[in-house]
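Good morning, everyone, and thank you for making the time.

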Amino acid sequence: MTITSPPEQQHRPVRRIGDRVFSGVARGAGIAILVILAGVAVFLVIEALPALTASAGDIPGGEGLASYIAPLIFGTLLSAVIALLVATPLAVAIALFITHFAPRRLAQSLGYVVDLLAAIPSIVYGFWGVAWLAPNLVPLYVWLEENLGFIPLFAGPASSTGRTMLTAGLVLAIMILPIISAISREVFLQVPSLHREAALALGATRWEMIRLAVLPYGRSGIIGGAMLGLGRALGETMAIALVLSVSGGITFNLISSGNPSTIAANVALEFPESSGLDVNALIASGLALFVITFAVNMLARSIVNRRADFSGAN
Amino acid sequence: GASNEADTDSAGTGGGELSGDLVGAGASSQQAAMQGWQAGFTDVEPGVNLSYDPVGSGGGREQFLAGGTDFAGSDAALDDEELALAEERCGASGVFELPNYISPIAVVYNLEGVDELNLSPETLAGIFDQKITNWNDPAIAADNPDATLPDQGITPVNRSDESGTTENFVEYLAAAAGDAWPHEVSGDWPVSGGEAAQGTSGVVGAVEAGAGAIGYADLSQAGDLGVASIGVGEEFVAPSAETAAAVVENSEPLSGRGEYDFAIELNRDTTGSGEYPIVLVSYHVGCIEYEDQETADLVKAFMTYVVSEDGQQAAAEAAGSAPISDTLREQAQTAIDAITASA
Amino acid sequence: MPQTSTSTPETASAGSGTSTALHSVGHLGRWAPWAIFAGAAAVAALLGMATGLNAAVFAIYTVALGTIALYAASRKVEGRRRATDRLVTCVVVSAFGLAMVPLVSLVIEVVSKGIGRLDSEFFASSMTGIIGEGGGVYHAIAGTLIITALTTLISVPIGLLTAIYLVEYGTGRLKRAITFLVDVMTGIPSIVAGLFAYALFAVFFGPGVRLGIAGAVALSVLMIPVVVRSAEEVLKLVPNELREASYALGVPKWRTIVKIVLPTAVAGLATGVTLAIARVIGETAPLLVTVGIINGTNLDPFDGRMATLPVYAYYQLTQPGVPPEFAIDRAWTAALVLIIIVMGLNIVARLFSRFFAPKTGR
Amino acid sequence: MAKRIDVSDLNIYYGNFLAVEGVTVSIEPRSVTALIGPSGCGKSTFLRSLNRMHEVLPGARVEGKVSMDGQDLYAPDVDPVDVRRHIGMVFQRPNPFPTMSIYDNVAAGIRLNARKMKKNDLDDLVERSLLGANLWKEVKDRLTRPASGLSGGQQQRLCIARAIAVEPDVLLMDEPASALDPISTLAIEDLMTELKERFTIVIVTHNMQQAARVSEQTGFFNVAGAGQPGRLIEFNATEKIFSNPDEKATEDYISGRFG
Amino acid sequence: MAKRIDVSDLNIYYGNFLAVEGVTVSIEPRSVTALIGPSGCGKSTFLRSLNRMHEVLPGARVEGKVSMDGQDLYAPDVDPVDVRRHIGMVFQRPNPFPTMSIYDNVAAGIRLNARKMKKNDLDDLVERSLLGANLWKEVKDRLTRPASGLSGGQQQRLCIARAIAVEPDVLLMDEPASALDPISTLAIEDLMTELKERFTIVIVTHNMQQAARVSEQTGFFNVAGAGQPGRLIEFNATEKIFSNPDEKATEDYISGRFG
Ligand SMILES: Nc1ncnc2c1ncn2[C@@H]1O[C@H](COP(=O)(O)OP(=O)(O)OP(=O)(O)O)[C@@H](O)[C@H]1O
Ligand SMILES: Nc1ncnc2c1ncn2[C@@H]1O[C@H](COP(=O)(O)OP(=O)(O)OP(=O)(O)O)[C@@H](O)[C@H]1O
Ligand SMILES: [Mg+2]
Ligand SMILES: [Mg+2]
Ligand SMILES: O=P([O-])([O-])[O-]
């Protein structure tokens, strides 16, 4: 019998030194992430503090921090929500097309193309939004104003350049489309064939099989992907800065040139020429954005967990 | 890759003894001109590695005052608070501020069938304040008796980012248009609801894209767009290098500043003939006394080049700016000659 | 059972248990959808002529008419369920087509505007001494590669080790906290990451500091969570059987991870890292505030400003000189180069998977 | 409405790989037919070809003829969706829809076919199906709970309830009890004996005692080696197969020399 | 180097769930011991507790005593890694390392433990192990090819070669032939008969004929129902178990009334 028994500690289970070091390092890396995140939070709070405590008149706009940031938060949420509403159904459709409708050979290359699009730098989307999308949307906006102008969203006057909130939302939608569809595609592919075959064996058509087995199973994945997309849409900077005509306060009018800015774009637009308290105000808006993303993540988690009983995971 | 830098090594014409890094940052308005200066200065002093980061005037001043850069480019002169900080940075002998870059800001428009447009200050203010909203408005017609103005809405385009161009333009409106322009002066556009675009190129792009649009941008970037003549006194003056330089020449220096601080108070409400008052003046800000000899020499050499006729010509070619007058050049040279090292 | 029954699936409803026909009432041939859509296109063309034809309107009419017609025909001939199936197929395919329009136009736009300056000079020269025409991105490519490499160097070890912790070691609250915070971290806006890195370095080097390494730190904040996420997924896919096979040979856990788990997952890890790189390589905003821009070539990330492709493209587009065309062309070409680099990375990752993936097949 | 199934000269492929070769067999209505044989011999493959579930896999296809009461299931104008409506299937591992309640699982197939059914009728049908699957007593108080909360054996019976709810003519079961404990296994075997009153049942099993206990007819599949196609070696009355098979290979297998 | 294993009063838990209860048994060296029983009765769980593979799962733990030639394997100062070095294991599904060649797979136990060995000695060892696993002839010309290119039966024998290369004292096998075709199954059975000359072998099998053919001792596990712990019902000489078991439950199981 040659089992070695290091005689030290009697009560702790025996663990090799290599194991202890390696797991320690791995845990250290995990903790490093906590530290980085805490660092970001602390930095934001410290730098935002002067703006939080400053008198209203010193904040840009002269009416206090709340009324400075409120339109920015509104613009951020509005553009991101538009993006999400447009992108999610399209992304699910793309994912379904690739996984269940396209011929197999085609499907693989389509998947590859969509992955690639997820990696196109955002500044390129910005260039394209200004140069191609915005001008091409002008006729649509004119049409919307003329025919659906009674809806406040399309009250107009239609922008003559097309650089509107709706355009910005669409650019964001296109940016996050590949992310959401890539993740949805993955979960759709992971739907156990067991479930798909259960539906087919009941005599379900393709769509019924998708409705019975694929979508319910993929639901939390779709939500996860959408939240990832939402996170990116909330924080997108350059594309919005380039595309959106920002000259206005809170408005739901989506097709005119007076739009609220978004937090991230506003930081990019104002930061270079800012000094002193203005910078603190900008960082305070960054803190608000950080809090929003945090909240969005919490929300996503609770949505995914709420019906955990019924989820495909168990 | 590095070959392109190598082959300028041998191409040096004059001077050529200096070497080292010279770092500047600041106004983006100077970026194009700086490109020209950089190119020309490399011919003179091939050993010097000059970099300029167009972070914006505010950032440029801040970085310079914090000691992060050797000089700043700024669309505005230092304010009192900053002058106090400058003493920490540069010592008692203070700073130089040289108006080395003069550029006319054009009012550009996109209106089919109208090749020439005259706008009085009040009309201009009314348009950008969104009080005048149609091209066939009587106020515009009064300025342009010969033109046939279409019945078309006006889309005023402004900068969405905080900018020196905006600040100068608004300053002009506030000074020249009187009650027609009720807003405060700052680098942020004060009127909401118009079309806003990022950067000069964004404004030009938006004006190009929108029929009936009007905006303000560096003259050199106006491209094919229509350029309005602005009412000065009894006449309408078109922007050009000459008319822009003229208004700077005739402006008063800011009082109560250091010996080598040549910041000027632009004569926005000028009525002088042939003076175009919507100009952007961008300064170079640096120390009179640097801590080490090398930096002092580099700054001195670079500023000498910038104010030289060659230098101003290079900027005119690269950025379409207006060369400074001989008077300004002589004045600047006195400051440059005073640059020393403290050690 | 009669060969030709008349009962539809609906009437053969469950519980009745009488009819058991296998044939639907009818069956639209394979050609039917094509024919219907061709008809729709013809009608759309006519309609379009009346209302002013353009490609978008024509496409919308065709798809809408075709879908409705196909649904109606199928509903009549094949019954409700089959018709719904066809309707969904039409909707999914046209949604896919719709989504492809902007994506394709994006690629076409960038390629057509960028291809003009895609010459050797563009790759071989920096912007030193360039006014107007000419110039290139040598310095920016070098900067982007250096900063991205540094970012990778920081992010991959931290991200990979964290993923290992989460998959192999993590338990309880620390694991849950890290998982959640990694989620949160994926949502940090890039500009916030940039400001954070700037402030961090400003503490040590004073305000106005611009360093390549600061950019790498900013990008790491963005990249680490992506690496963790993808590595976590891939490590989870390594079958437990392999771990157990290794334990059963008396191999300690850490060696099992290093020698069995990681090599088995290497292809997926490489793909994940590549996608993570692609995610950050095009970031503009954080580099704007941490690294700045210069015209010349600086290869030292610990000393002063560097040029990077996205920032370069941004400034060329927003601050063109006189005349602006040359700079704008350079901006588009720089964007195209960026996309080419990202694509190149993807191909490398694919080759990597090809070579290192566990061998299967005989 | 139990139906007979006739298979003639059936070859089944996965892409280019011929997995099952030349099967000809007649399956009687209102009886249990068992398929036995060593692993990889193609039992599952053959079973799945009977209700056209085989072709769901990419590249999978068949040659030959399968007919139900004389009607060719693979005729070009026959819709596989209809085939599967009439020939139900229960899988080796229980696969209830995890996102649905117990009730919804049973109702899933009915809802597809008859959109408008009165709540009462549906309730009745669900109850009848669960009774038929011997599960009603255990779940009647928690019909709205997720199906994933049931034990393995209960889940499998739920899957049977779901399959019989649409009143198929034939019920295919692929090793329905192999993942279950002995008690659940007995419950399922008893259930089969009841169900054969109404359905034609075909089961695959690796458990010869099970085949002997529940089936009237037994088919023995075998495969010569990896990469070779599986074949139906012998098809006979169960008693004969287990007492005095015609083929030597069958006897070897039954007597446990391999498998 | 075969060793004997003594188990007394072993309870095995998954978290709070008691999966196997009160097992006491002695396993003889240089013999094959077979464990049989219906699915879910805890055969695998018990087997895995013998070389402390059980505790790899989160929350899994045991109570009671397992000793090998008198040394307590669960003593606090015993390193489980060492235990597993001495008690090898072969799994139900063949699991060669997919990134490694055939040669590297066999050498893995040595290499992964960073034991230094001369190239020649290692070559010898690999050859000996492959010979021992009856695989040498089939693979000697393609030792550097990936292991995943082998057939299922070959892969399983490769796993056996890998296990015996580290020269363990005991070899545990969990249904080693259940995923294999008949020919490979026979090869593995023959191999076991050879290996018992050198090792103590414990196998789990669901195939009673297999147990009868290869083992000297047989243990029958059973479980009363889902959620109940499994128990060792009877442990006896194989002949006795299959001809005249002491317990009624054993007889029921053997005679095929369930399972
Ligand atoms: N999806 C598939 N693609 C390719 N070949 C397959 C596929 N499924 C099964 N096969 C092959 O077809 C043959 C028959 O497999 P099948 O699953 O029908 O066997 P089986 O008799 O059901 O075995 P078991 O008792 O293990 O379930 C085997 O050689 C198998 O490898
Ligand atoms: N990882 C696990 N976590 C919790 N319970 C488990 C786990 N693995 C097995 N069990 C439970 O432990 C009991 C015994 O399982 P085990 O796998 O040992 O049975 P077995 O006799 O090997 O069955 P089979 O013949 O199917 O392999 C079962 O009730 C099973 O559900
Ligand atoms: Mg099978
Ligand atoms: Mg087991
Ligand atoms: O020079 P700007 O500040 O107007 O860009």
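Let me begin with a question: how far apart do the closest C-alpha atoms of chain B and chain D lie? They lie 49 Å apart, and no contact joins these two chains. Please keep in mind throughout that what we are looking at is a predicted model. Chain B and chain E do not touch either, and here the nearest C-alpha atoms are 41 Å apart.

I would now like to turn to ligand 5, which lies between chains A and B. Looking at individual atoms, a polar atom in the side chain of B:Ser28 is 2.7 Å from an oxygen atom of ligand 5, while for B:Ser29 it is a polar backbone atom that lies 3.0 Å from an oxygen atom of the ligand. The side chain of B:Arg159 also takes part, with an N or O atom placed 2.6 Å from an oxygen atom of ligand 5. On its own, ligand 5 has 200 Å² of accessible area, and the protein covers 95% of that.

Staying in chain B for a moment, we can look at an open sheet of three strands, which has the order 5-10-11 and mixed pairing. Strand 5, residues 118–119, and strand 11, residues 235–237, stand at the edges with a single partner strand each, so one side of each has no neighbour in the sheet. Strand 5 and strand 10 of chain B run parallel and are joined by two bridges, and if you look along them you will find B:Leu119 opposite B:Ile230.

Next comes ligand 2, and the residues around this ligand, among them E:Tyr14, E:Ser39, E:Lys43, E:Thr45 and E:Glu175, belong to chain E. Which element gives the most to this shell? It is helix 1 of chain E, with three residues, and both this helix, residues 43–50, and strand 2, residues 17–27, supply at least two residues each. By class, the shell around ligand 2 divides into five nonpolar, five polar and two charged residues. A backbone N or O atom of E:Cys41 is 3.3 Å from an oxygen atom of ligand 2, whereas E:Lys43 places a polar side-chain atom 2.9 Å from an oxygen atom of the ligand, and for a polar side-chain atom of E:Thr45 the distance to a ligand oxygen is 2.4 Å. Of the 630 Å² of accessible area that ligand 2 has on its own, the protein covers 60%.

Finally, let us consider one residue, C:Glu244, which sits in helix 9 of chain C, residues 240–248. Is this residue buried or exposed? Its relative accessibility is 12%, and because the cut-off for buried is under 20%, C:Glu244 counts as buried. Setting aside its neighbours within four places in sequence, C:Glu244 is in contact with E:Arg48, E:Met53, E:Leu57 and E:Phe91.

Note on methods: Residues are numbered from 1 along each chain as its sequence is written. Chains are lettered from A and ligands numbered from 1 in the order in which they are written. This is a predicted model: local features need pLDDT of at least 70, side-chain atom pairs count only at pLDDT 80 or more; totals for chains, interfaces and linings use all residues. Side-chain values use heavy atoms; hydrogens and water are left out. A residue is near a molecule or strand if one of its heavy atoms lies within 4 Å of it. A polar contact is a pair of N or O atoms within 3.5 Å; within protein, one must be able to donate a hydrogen and the other to accept it, and residues adjacent in sequence count only if both atoms are side-chain atoms. Accessible areas come from the Shrake-Rupley method with a 1.4 Å probe; for residues, only the protein chains shown count as cover. Helices (H or I, at least four residues) and strands (E, at least two) are DSSP runs, numbered from the N terminus. Ala, Val, Leu, Ile, Met, Phe, Trp, Tyr, Cys and Pro count as nonpolar, Asp, Glu, Lys and Arg as charged, and the others, Gly among them, as polar. Two strands pair if DSSP finds at least two bridges between them. Buried means under 20% relative accessible area, exposed over 50%, partly exposed in between (1.4 Å probe, protein chains only). Contact means heavy atoms within 4.5 Å.
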